[in-house]
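Dear colleague,

Please find below the sequence and the structure that I am handing over to you. My notes on what was found follow directly after.

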Amino acid sequence: MASMRDIKRRIKSVNSTRQITKAMNLVASSKLNKAKARLEGTKPFAEETRKVIAEIGAAAGRLNNPLFAEEVKGNKALVIVLTGDKGLCGGYNSNVCKETQALCEGKDAKLITVGTKGRDYFKRRSVPIDKSVVGISEHFEFGDAVALGERALKMYKEKEVDAVYLVSTKYISSISSAPKSIRLLPVNPNEFEGEAKADSLVLYEPSEEAVLEYIVPKYVNTVIYGGLVEASVCELGARMTAMDAATDNAKEMLDSLNLLYNRVRQGAITNEITEIVNGSNALSQ
């Protein structure tokens, strides 16, 4: 059985860990509220962009634009993967990486990784990485999304890839999220069915095609930015949940260790009393 000194050292260590996990839980909770507000702020612009594309598509009839296609022709794909720069968030990062692996199966895929966790994961598996961006999983701007979108559009227009995908995380609740993948390019016009206004009388100059050439890059950038915002919310939610569970586990360990310490201490006291009584009896004889 462990000595009292070993148990006390263990109790001190677990208690320190519990204080750290509790602090990290509070920090993640505070950041989560701000991130959720940011997520709500990005939705109106994204929804309006989708409506414009839907209305132009409806007005133009059958689109004859390389940026639009119902099906992907070809096997070369570019996948933008959004992961975190830090761990301690449960299965958040590994779930996104597994979703990416499943998407890349059977494809000649290149990756653009955002976050050190995704970069390191795919480097270890020798998956081709076209570009790696780190340090922005929690601190990013719209310009970061624009840079990613421009790179993806350039590769698609120059026919380096046949399709562009985005793998990120879908926010369900503060304690629940799920990995998701969407096709950015070519844009599937079927995704916008029913979003156009039936009575729209808007005229697009110089033409619907010219407006689409302008609006599609904006749409791609907006979807990537929305993915960054949503992924940030999911990462913080996952970290808050993981740290809360770790704090509870530490408390259970402390209860068990304190019980063990009291038992060992009681045993030591009993042994001392027994030795004193035996010594006293020996002297009295």
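**Notes on the structure**

Ser 137 sits in the loop that connects S3 and H4; helices (H or I, at least four residues) and strands (E, at least two) are DSSP runs, numbered from the N terminus. This is a predicted model, in which local features need pLDDT of at least 70 and side-chain atom pairs count only at pLDDT 80 or more, whereas totals for chains, interfaces and linings use all residues. Residues are numbered from 1 along each chain as its sequence is written, and side-chain values use heavy atoms, with hydrogens and water left out.

With a relative accessibility of 8%, Ser 137 counts as buried (under 20% relative accessible area; exposed is over 50% and partly exposed in between, with a 1.4 Å probe and protein chains only). Its side chain makes a polar contact of 2.9 Å with the side chain of Asp 85. A polar contact here is a pair of N or O atoms within 3.5 Å; within protein, one must be able to donate a hydrogen and the other to accept it, and residues adjacent in sequence count only if both atoms are side-chain atoms. Leaving aside residues up to four places away in sequence, Ser 137 touches Thr 83, Gly 84, Asp 85, Ser 232 and Glu 235 (contact means heavy atoms within 4.5 Å).

Ser 168 is buried, at a relative accessible area of 1%. Residues up to four places away not being counted, its contacts include Leu 82, Val 96 and Gly 227.

Turning to the strands, S1 and S2 pair in the parallel sense over seven bridges, where pairing requires that DSSP finds at least two bridges between two strands. Leu 78 has Lys 110 in S2 as its bridge partner. Between these strands the chain passes through H2, and this β-α-β crossover is right-handed: with the strands pointing away from the viewer, the path from the first strand over the helix to the second runs clockwise. S2 and S3 also run parallel, joined by four bridges, and the bridge partner of Thr 113 in S3 is Ser 132. Here the chain crosses from S2 through H3 to S3, again in a right-handed β-α-β crossover. Five of the seven residues of S2 are buried, so S2 is largely enclosed by the rest of the structure.

In helix H3 (residues 116-124), the buried residues are Thr 116, Gly 118, Tyr 121 and Phe 122. They pack against S1, helix H2 (92-104), S2 and strand S3 (129-133). After H3 comes Ser 126, whose phi is positive, near 55 degrees.

The aromatic pairs number three, counting rings of Phe, Tyr and Trp (its six-membered ring) whose centres lie within 6.5 Å; planes under 30 degrees apart count as stacked, over 60 as edge-to-face and the rest as tilted. Tyr 121 and Phe 122 form an edge-to-face pair, 5.0 Å centre to centre and with 75 degrees between the planes. The ring centres of Phe 142 and Tyr 225 are 5.3 Å apart and their planes stand at 70 degrees, so this pair is edge-to-face. It links distant parts of the chain, with Phe 142 in helix H4 and Tyr 225 in helix H5, 83 residues apart. Phe 142 is partly exposed at 36% relative accessible area, while Tyr 225 is buried at 15%. Ring pairs join Phe 140, Phe 142 and Tyr 225 into a cluster.

With kind regards
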